[in-house]
Amino acid sequence: MIIVHHLNNSRSQRILWILEELGIQYEIKHYQRGKDQLAPKELRDVHPLGKSPVITDTERNEVVAESGVIIDYLIKYYGKGRGVPKPEDADADNFWKQFSEASIMPTLVMKLVFIIIPTQAPFFVRPIVNIITSQVQQRFTDPDVKRKTKFIADELEKRSKDGRAWFAGGDSSGEPTAADYQMLFPLEALTSGRVDTGIVPQSIKNWVEWVHARPAYRRAYEKGGPYDYAKL
């Protein structure tokens, strides 16, 4: 039995998706963010980092943290061959797994931080803070988001003109691999309006809609509870 320690509006939503896709039996333990939008301290009782996603595998007596590690773990021990990229696409699968958290997510988080900072500043200095953060965004974060977003769209369109294709070509049955599970959250952030990044290429919007239409994703969405990065 897999227990998913699921935090609302977090990366753990993609863990529910892979569990549904692979047909793995699981239970959800729900956690809610506090007023500070941080995870509750109860998560530290599960894993010292106090973050989500975290899973407990009661059969193997393992506690596993970090999205990428969890996804690889589930494919390795419970996938039964599903979710494994074709040999010629293994490098692409690894690239997108790394890109999701090493490249695009840090940029999106930085963008979000600069959006939030002015709202938290004292009223009398808010105009100055607003000017500074706006300049930083215009000169650094916005061009970086635009460049990385274009790169994602271009790579998707190489596989399918409308973007409806798996990032690493899918497994031997044409189903998603780890690359797709990892890339879902940043692309949901781009398309949900939670982070204002300007115009998002249609191919990326198509990809997210394509995933959201999958029965497994819809089951995960219903079980996970309110999720601001998708509206089904």
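In which loop is P53 found? P53 is found in the loop between β2 and β3, where helices (H or I, at least four residues) and strands (E, at least two) are DSSP runs numbered from the N terminus. The peptide bond from S52 to P53 is cis, and its omega is near 10°. The model is predicted, so that local features need pLDDT of at least 70 and side-chain atom pairs count only at pLDDT 80 or more, while totals for chains, interfaces and linings use all residues. Residues are numbered from 1 along each chain as its sequence is written, and side-chain values use heavy atoms, with hydrogens and water left out.

UniProt lists residues 1-82 for "domain: GST N-terminal", in an unreviewed entry; the positions are given in the numbering used here, feature names are shortened, and annotations may be inferred rather than shown by experiment. Over residues 1-82 the chain is 28% helix and 24% strand. The C-alpha atoms at the ends of this stretch are 19 Å apart.

Four strands make an open sheet with the order β2-β1-β3-β4 and mixed pairing; two strands pair if DSSP finds at least two bridges between them. β2 and β4 (62-65) stand at the edges with a single partner strand each, so one side of each is left without a neighbour in the sheet. From one strand to the next the twist averages 20°. Strand β1 (residues 2-7) and strand β2 (residues 26-31) run parallel and are joined by six bridges, with H6 opposite H30 in β2. β1 and strand β3 (residues 54-57) run antiparallel, joined by four bridges, and the bridge partner of H5 in β3 is V54. Four bridges also join β3 to β4, again in antiparallel fashion, and V54 stands opposite A65 in β4. β3 and β4 form a hairpin with four residues between them.

Two residues in the connections have a positive phi. N61, in the turn of the hairpin, has a phi of about 55°. N9 lies in the loop between β1 and α1, and its phi is near 50°, a positive value in a residue other than glycine. Most residues other than glycine have a negative phi, and most peptide bonds are trans.

β1, α1 and β2 make a right-handed β-α-β unit; a crossover is right-handed if, with the strands pointing away from the viewer, the path from the first strand over the helix to the second runs clockwise. α1 packs on the sheet, touching β1, β2 and β3, where contact means heavy atoms within 4.5 Å. The direction of α1 makes about 150° with that of β1; axes are lines fitted to C-alpha atoms, for helices over the stretch in contact, and angles run from 0 to 180 degrees between N-to-C directions. α2 lies across β1, β3 and β4 and runs at about 135° to β4.

Helix α1 (residues 12-22) and helix α2 (residues 67-78) pack at an angle of about 10°, with their axes 10 Å apart. The two helices are therefore roughly parallel to each other (angles under 35 degrees count as roughly parallel, over 145 as roughly antiparallel, 65 to 115 as roughly perpendicular and the rest as oblique). The contact is made by R14, I15, I18, L19 and L22 of α1 together with S67, I70, I71, L74 and I75 of α2.
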